[in-house]
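Take a look at the model below. A short walk through a few of its features follows.

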Amino acid sequence: HDTSTMTCLAYVTAPIFLTGEFAVALVLAVFLLHKYGNLRKQNVFVTVCTLVVWFLSFVIIVLLPVDVSSAFFTFCLLDNTLLTENGSEHINCTQLVCNSNLTAEVYGSCPVEGSNCSTCPMPYTFVCQQPLVILWMIIYWLFFILSWIVIPLAQSYVLASYFNVWKKVLRSILENLLIYSTLLVIFVIFLVYLIVKDLVTLSNTPALLATASNTWGLLILALLLGYGLVEVPRTIWNASRRNYSLKHCYFRAAKLYSDMADANEKLEDVTERVKKVSQNLRYNDPLRKYVDIIIKRFPDNLQKEFSKGHDDYEDYQQSEDALSKSSMESLFKRTIKSLRLSHSTRIQWLALTDQTLDLEDIERNTSNSERYFVSSVRPPRSVLKCLDSWLPKAEWYWKVWFRLWVYRVVAVLLAVLSLTIVWSEVTFWVQKYSLSIFAQLAYISHGNNSYFSVEVLSFVVVGYLSICSYFTAFKIRIFNLYHLAPRHSTDEYSLLFSAVLLSRLALPICLNYLYLIDVVRLEYLKDEEETPQTAFAYATGTTDLIPWLTGYFYIYYPALILLVCVATLLSVGSRLASIFGYQKFIGEDDFSADYIDEGKALMKRERRLRERRLRELGKDASRAELPLELLKESRSALSSYEHRPGRSNGRRFERQREEEKPQSRLQWIMDKARKAVPGSKKPAPASTNGPAVRYKPSRPRRAGRTGGGHWGG
């Protein structure tokens, strides 16, 4: 009865599970695209391509575990097959799931004959092979078309500096044709060589393309995965070291500020050039429409500074500068590049200053005996009045104490998982015994008929492999031009670049995991009947590699991963970059110390600017929240202060008394107003090293004029 209930539940819950998985993946992809991209301003085609790739990249993290558990279940049924004399009977997959006598006689996508279902309990997420094969084929070809054809064309189109749309399309097609024709020539030469050596035949060309794609994908994955397996746990562990993180932020701030200054300087040069061209070209000039297109690329606050060409209405005259459409296209290209570079560095600077100032606030609050988190660079948070006193305490416990231990525990667990993956990668070439830890766990779970454990294992490992690979892909920065920035600040080319990387990494991640759990092995090493057959392996055609590289792959692929891991652990790349003049943060060396001191000075200036801005906002908010009676009294006192007697009236002593009387009254009203406004603080007393500074209006008022000033209407 329990087995029958399980099989019927599997038939019902599997479609629900897949639908829920697709919905969660779609919501996550939309959320990230909304966070990083600007859906209102960016090209719709760029949005669709990026959304599809990100969505499918999240789908495979859950789809592959379902495929693996279903393959292990089918493999269990094959091990318990009771063959009949007259062969297999033909029953569809629905009868397999909800058969009342607990027997399964299937054909086609579920190749089982007369097996007892009680021996192999069906997993709740079981899906027959045929729908999974169709699904994997759709994902495979979507990734292939998007990563090799559609997205490269879109990248060239985005970077094309032409005013005509069709000219942009033609330029992108020509650029990609040049690249693909070069690759085609190399492939043809390689294919002819293999045919002459009798390594392949002409009929095996499609399979050779698939195996070449698998080999190339695994080699790229080895580089990114080797870096991510070390850097992800180390990044989380370093986040628990506040002093180290703060110094690292200072170092990055000094370097980024220099890059931002260079980018702004280039942008100023381009802006001046565009202003000059805009002034020379009048409204009736044939080139004026191109200038207007260039001006629209600038932010809204800068567009007002450009001349619109409407300051005179004379007839058309040829401009003095030698301007042409080609020179305008060259200026358009410079403008796009300068704006992208300036925007990218500015967004990185804002994110870095937020992180650095937050770390400084944490350091300052560490010694707070009241355990109340206070920040001088952000306004007080007010969600609910009942939580105003509780949230700062919770924030103090989380940021000062609890978060450090969470980071340390997570870093240790991920480090253990990384070591396990590296061991399994390095030892999966052993033929006689399976030394892969994940393969042992998967087959032990299969022996205990615990397919849920197989799914959990697959989900954790595939998810972590994806995180490590995507972490490296998202961390790549090419001269500050490619950068994924939150707050809707990522440009179109960066989104497309990330989509290309993810689409070329997703399927190699799946193939790499199947190697780790000993489900897919090379043909001459293991017969197909000895391993579970996944729908992924069937849909992608072949999971073998280039034949003459097969023997070397089991040696060099693990060695490549191990080499990248060791180089990342020893920071070889950072040290080599420092030798060649590109400074990277290594530790307590002289170069890093200079950058740290410079970054600390920059953060002090940034803190002063933000505190000043916060005080100005606080004054505006306090003025808006003052009671009406206090506003009336402040206006009256301010009017008396502004119209105090001049130098010609009376003695100096009397003038001083007349000046101090309205001054003290105004000060009393200001103190009363601060008490009325919650969260306001009394200003610091004047310095004793010099004379006290009295309140003075920004400019003198004429007699008979009341109100105004800082506290007036």
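Which side chains meet in a salt bridge at 3.0 Å, N to O? They are those of Glu305 and Lys275. A salt bridge here is a side-chain nitrogen of Lys or Arg within 4 Å of a carboxyl oxygen of Asp or Glu. The pair links distant parts of the chain, 30 residues apart. Glu305 sits in the loop between helix 9 (300-303) and helix 10, while Lys275 lies in helix 7 (residues 242-280). The structure holds 13 salt bridges.

This is a predicted model: local features need pLDDT of at least 70, side-chain atom pairs count only at pLDDT 80 or more, and totals for chains, interfaces and linings use all residues. Residues are numbered from 1 along each chain as its sequence is written, and side-chain values use heavy atoms, without hydrogens or water.

Next, a helix pair. Helix 8 (residues 288-296) packs against helix 10 (residues 325-365). Their axes are 10 Å apart, at an angle of about 0°. So helix 8 is roughly parallel to helix 10 (angles under 35 degrees count as such). Tyr290, Val291, Ile293 and Ile294 of helix 8 meet Lys325, Met328, Leu331, Phe332 and Thr335 of helix 10 (contact means heavy atoms within 4.5 Å). By class, this contact has 7 nonpolar, 1 polar and 1 charged residues.

Now to the surface. Leu562, Val566, Leu569, Leu570, Val572 and Leu576 form a nonpolar patch there. Such patches take residues with over 30% relative accessible area and no salt bridge, with nonpolar side chains joined within 5 Å. Together the six have about 500 Å² of accessible area (Shrake-Rupley method, 1.4 Å probe). Helix 16 (550-569) and helix 17 (572-579) each supply at least two residues. Helix 16 gives the most, with 3. Leu569 is found in helix 16.

Technical notes. Axes fitted to C-alpha atoms, helices over the stretch in contact; angles between N-to-C directions. Helix = DSSP H or I, 4+ residues; strand = E, 2+ residues; numbered from the N terminus. Parallel < 35°, antiparallel > 145°, perpendicular 65-115°, else oblique. Nonpolar A, V, L, I, M, F, W, Y, C, P; charged D, E, K, R; others polar. Patch = residues over 30% accessible without salt bridge, like charges linked within 9 Å, V, L, I, M, F, W, Y side chains within 5 Å.
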